[in-house]
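Please look through the structure shown below, and then follow the explanation with the two chains in view, turning to each part as it is named.

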Amino acid sequence: MSKLDSKIPKGPLADKWTKHKNDINLVNPANKRNIDVIMVGTGLAGGSAAATLAELGYNVKTFCYQDSPRRAHSIAAQGGINAAKNYQGDGDSNYRLFYDTIKGGDYRSREANVYRLAEVSANIIDQCVAQGVPFAREYGGYLDNRSFGGVLVSRTFYAKGQTGQQLLLGAYSAMNRQINRGKITPYNRHEMLDLVIVDGKARGIIARDLVTGEIERHSAHAVVIASGGYGNVFFLSTNAMGSNVTASWKIHKRGAYFANPCYTQIHPTCIPVSGDHQSKLTLMSESLRNDGRIWVPKKKEDAEAIRNGKKKPNDLSAEERDYYLERRYPSFGNLVPRDVASRAAKERCDAGFGVNKTGQAVYLDFASAIERYGKEQAAIHGNHNPSKEEVTKLGKQVIENKYGNLFQMYEKIVDENPYETPMMIYPAVHYTMGGIWVDYNLQSTIPGCYVTGEANFSDHGANRLGASALMQGLADGYFVLPYTIGDYLSKDIKTGKIPTDTKEFDEAENKVRELLEKLINNKGTHSVDHFHKKLGHIMWDKCGMARNAKDLESAMAEIRALREEFWRDVKVPGGMNEMNAELEKATRVADFLELGELFAKDALHRNESCGGHFREEYQTEEGEALRDDENFMYVAAWEYTGDPGNEVLHKEELEYENIEVKSRSYK
Amino acid sequence: MKLTLKIWRQKNSQTKGELKTYPIDGVEGDMSFLEMLDVLNEDLINKGEEPVVFDHDCREGICGSCSLQINGEPHGPDRLVTTCQLHMRMFNDGDTIVIEPFRAKAFPVIKDLVVDRSAFDRIQQAGGYISVNTSGNTIDANTIPVNKHDADESFEAATCIGCGACVAACKNASAMLFTSAKVSQFALLPQGRIEATERVLNMVAQMDKEGFGNCSNTGACEIECPKGISLENIARMNREYLSASLKG
């Protein structure tokens, strides 16, 4: 079991990272010029790391399937980024951010990693401001903050509803500076299809040029996977259409353990599904829960009347509405963590109180906020006796300033004006806390293969708090990996360039060619989407917001059968040596069909409820998640053995020395 | 809805393309434009034909991947949306819709509706950044207050998604709106002023080198921009450029 050494440094929690940085080996600047690093993925985690490594002097090659690094899906993150700056003087600190994150993750993440994350969080904001990221500011010119779920302070920095975009463009600009210097060579519209291991170390990748179809060999002294999460295993999710597990799955099959695959975040505030043609789901930022109140009708008759169009939401008085989060969780109210909010919405809808045609939606209502802000603005402008219309007008302006782009997006999709009538929302798959197992240095179980950002499992436990994904991506990329990878690369200063004309590269390239040829020559009867949608249904129905042993067992069998059917019957038109979007999809879905089975297996083995993993058999009388710390306070890291249904479990026990483990309460 | 689609098909950059006609039935108002194309593609695959290739990714209007010239307009008839957020309720039963790639010399067609927009990346590489190392050892973020008005304007300019609609809308295929948005974002912030002179000169030089046309102030770019990037940015870039040229 020596492989699962988390390499957490000794010493007091607050000193670990500093001490570790002082202890690890460095690479002399002249030697960095002789060392190559491959970066797969150019989102916040990959883009930031690529830029930093190139600044340090390494030769970096970046790979992304999009036509530009700027389009990585980090761009779609809306609400904000957390940092323990305590600019609001509301009692925030590194410890509090650490504590909130561990608790939010339902005591299933590593103390040392999370503390480091909190520790470097403040640097991220300094860095981004220096790069010209235009965060929201107050009238005095200083940075503004807002609140996110699961915390009692305002520590979230934001740029309207486009924070991810602004941060990614910051990382992209840092990359561009290095591309201009010749230190980064970007390979856009390229997809990694295998990892090459030489003498037990990651030494390169096989990639496909998505424009010409050419299969290419790229070597390096280390390979970093920063390719994001695998939410698209559910077909419908808030991920981009191209988001995939392929890079992670390929390294998994080459020996990297996959940790906690079943930990998935189902985000409470997304636009509900409208029909069978739906290709993806759209998030409405959690920041909306700062000002929006979530409710369903108190009476079933009212819910029914709304569903069949006989009543409108605004016909119901405050007394006729059930603000169920405020009722169940008075101290956190609408700002409970995502897993709690999602389950509460599902509970109300399953009980027959859902409000759209399908009964799968709840209201997110801004009327109270519009009134409150309107009155405040009127008072600021010296109008102490404003009319109702004046209040509404001023209040709407404030809401527009805060969330304008989200309201516009909602209106375009749903064709309803959310300033006038409450938004309808429902939970959707959004983020995966699980991912490739890494040690404190972010190195996987394959030497020289590092994993950062959403692609790794490390910081969020069983549930991620809002505005923490951006924080983790940039922390890993700007401030953690550049140090830790140096320790590894310091042993490679005399290695010289890694040749690609070796049997290891031959073997990997042949494997990729075989895979692609098999798909192209299969000539079955159904499209890739046909199988992907079927997989999504199994995942959502049986591995979604609520799971049980019986369903999970049948999910494993169904996914296995579907995978066999896929390989028998999939139809991929076009050829290998050209741009072929269906072939790209096929390789990704083939991997999802394997991951899905492991996902169900992991959920089945974890006989407890924690964070986003809710097993119906394990709940309190009030329907809250019931953990089993005695038996499951560990990271489940799976080793591939040739069959996703029969992977071998390795456990990393979690130890809490600085936090008292208790049952999570937001009441 | 029943529609007739006329779609540009082109095998690769070497071959000539042409408009091909495809009837489509069962289109619903709640579908996005790209979901309508998904339906068409599923149908084409089932019939043994090659599906239409188009760029798309986030499908929520922010990544800038999707493009398409729809009935002559970049991102179609709606305002302030990208193609992925254009919904079919904007069209009527029986309509004919012409779908072409973005047209510009600097955006060569790769296949069908996919064009090469890497010229935009190269313009950014020429100076679209602030030269600060990512060490984290900068000054505290609140050390330099920024006037809220400037910060907001900088943000508005920074919301450009780099889709290329401005170029496709312009009769000269000019990239002034795109380039000026980045120049403005930094010009409006104190930390961006330090390299302002070099930045504008280098980015404009690269823009010209890529083969984009000149700006003749018709304002089509602003109208078609899905993010509402303002023409004022072009005016600001012109001022920056003039003063930089005098200095240089």
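In this predicted model, strand β1 of chain B pairs in the parallel sense with strand β5 of chain B (residues 96-100), and four bridges join the two strands. To find a place where this pairing can be seen, look for B:Ile7, which stands opposite B:Ile99 in β5(B). Strand β1 (residues 3-9) of chain B also pairs with strand β2 (residues 18-24) of chain B, here in the antiparallel sense and over seven bridges. In that pairing B:Leu5 stands opposite B:Tyr22 of β2(B). In general, the strands of a sheet are paired through backbone hydrogen bonds, and the pairing can be either parallel or antiparallel.

The domain assignment of chain B gives two parts, domain 1 with residues 3-110 and domain 2 with residues 117-247. Taken over C-alpha atoms, the centres of domain 1 and domain 2 of chain B are separated by 29 Å. How many residues of domain 1 of chain B are in contact with domain 2 of chain B? There are 18 of them, and they meet 17 residues of domain 2 of chain B. On the side of domain 1 of chain B that touches domain 2, nine residues are nonpolar, six are polar and three are charged.

Further along chain B, helix α7 (residues 196-209) and helix α9 (residues 232-247) pack with their axes 9 Å apart, at an angle of about 105°. Angles from 65 to 115 degrees count as roughly perpendicular, and α7(B) is therefore roughly perpendicular to α9(B). From α7(B) the residues B:Ala196, B:Thr197, B:Val200, B:Leu201 and B:Val204 take part, and they meet B:Met237, B:Glu240, B:Tyr241, B:Ala244 and B:Lys247 of α9(B). Sorted by class, the residues of this contact between α7(B) and α9(B) are seven nonpolar, one polar and two charged.

The next step leads from one chain to the other. The contact between them takes 65 residues from chain B and 67 residues from chain A. Several elements of chain B each supply at least two residues of the side that touches chain A, among them β6 (109-111), α2 (118-125), α3 (148-158) and α5 (176-187) of chain B. The largest share of this side of chain B, six residues, comes from α1(B), a helix that spans residues 33-46. By class, the side of chain B that touches chain A has 26 nonpolar, 23 polar and 16 charged residues.

In chain A, an unreviewed UniProt entry carries the annotation "domain: FAD-dependent oxidoreductase 2 FAD-binding", and this annotation covers residues 36-470. Over residues 36-470 of chain A the chain is 33% helix and 18% strand, while the end C-alpha atoms are 26 Å apart.

Chain A also holds an open sheet of five strands, which follow one another in the order β5-β2-β1-β9-β17 with parallel pairing. Which strands stand at the edges of this sheet? They are β5 (184-187) and β17 (449-451) of chain A, and because each has a single partner strand, one side of each is left without a neighbour in the sheet. Neighbouring strands of this sheet are turned by 20° against each other on average, direction ignored. Helix α13 (residues 469-489) of chain A packs on the sheet, where it touches β9 (222-225) and β17 of chain A, and the direction of α13 makes about 150° with that of β9(A). Within the sheet, strand β2 (residues 59-63) of chain A runs parallel to β5(A) and is joined to β5(A) by four bridges. One of the residues to look for here is A:Lys61, whose bridge partner in β5(A) is A:Thr185.

Chain A is divided into domain 1 (267-429) and domain 2 (501-627), and 34 Å separate the centres of these domains of chain A, taken over C-alpha atoms. Six residues of domain 1 of chain A are in contact with six residues of domain 2 of chain A. Helix α10 (residues 338-353) of chain A gives the largest share of the domain 1 side, five residues. That side of domain 1 of chain A divides into one nonpolar, one polar and four charged residues.

Finally, helix α15 (residues 528-543) and helix α16 (residues 549-569) of chain A have axes that come within 10 Å and cross at roughly 175°, and α15(A) and α16(A) are therefore roughly antiparallel to each other. Their contact includes A:Phe531 and A:Leu535 of α15(A) and A:Leu552 and A:Ile559 of α16(A). By class, the contact of α15(A) with α16(A) has nine nonpolar, one polar and four charged residues.

Definitions and conventions
Residues numbered from 1 in each chain as written. Chains lettered and ligands numbered in written order. Predicted model: local features only at pLDDT ≥ 70, side-chain atom pairs only at ≥ 80, totals over all residues. Axes fitted to C-alpha atoms, helices over the stretch in contact; angles between N-to-C directions. Parallel < 35°, antiparallel > 145°, perpendicular 65-115°, else oblique. Contact = placed C-beta atoms within 7 Å. Nonpolar A, V, L, I, M, F, W, Y, C, P; charged D, E, K, R; others polar. UniProt positions renumbered as here; feature names shortened; annotations may be inferred. Pairing = 2+ DSSP bridges. Domains from an automatic or database assignment.
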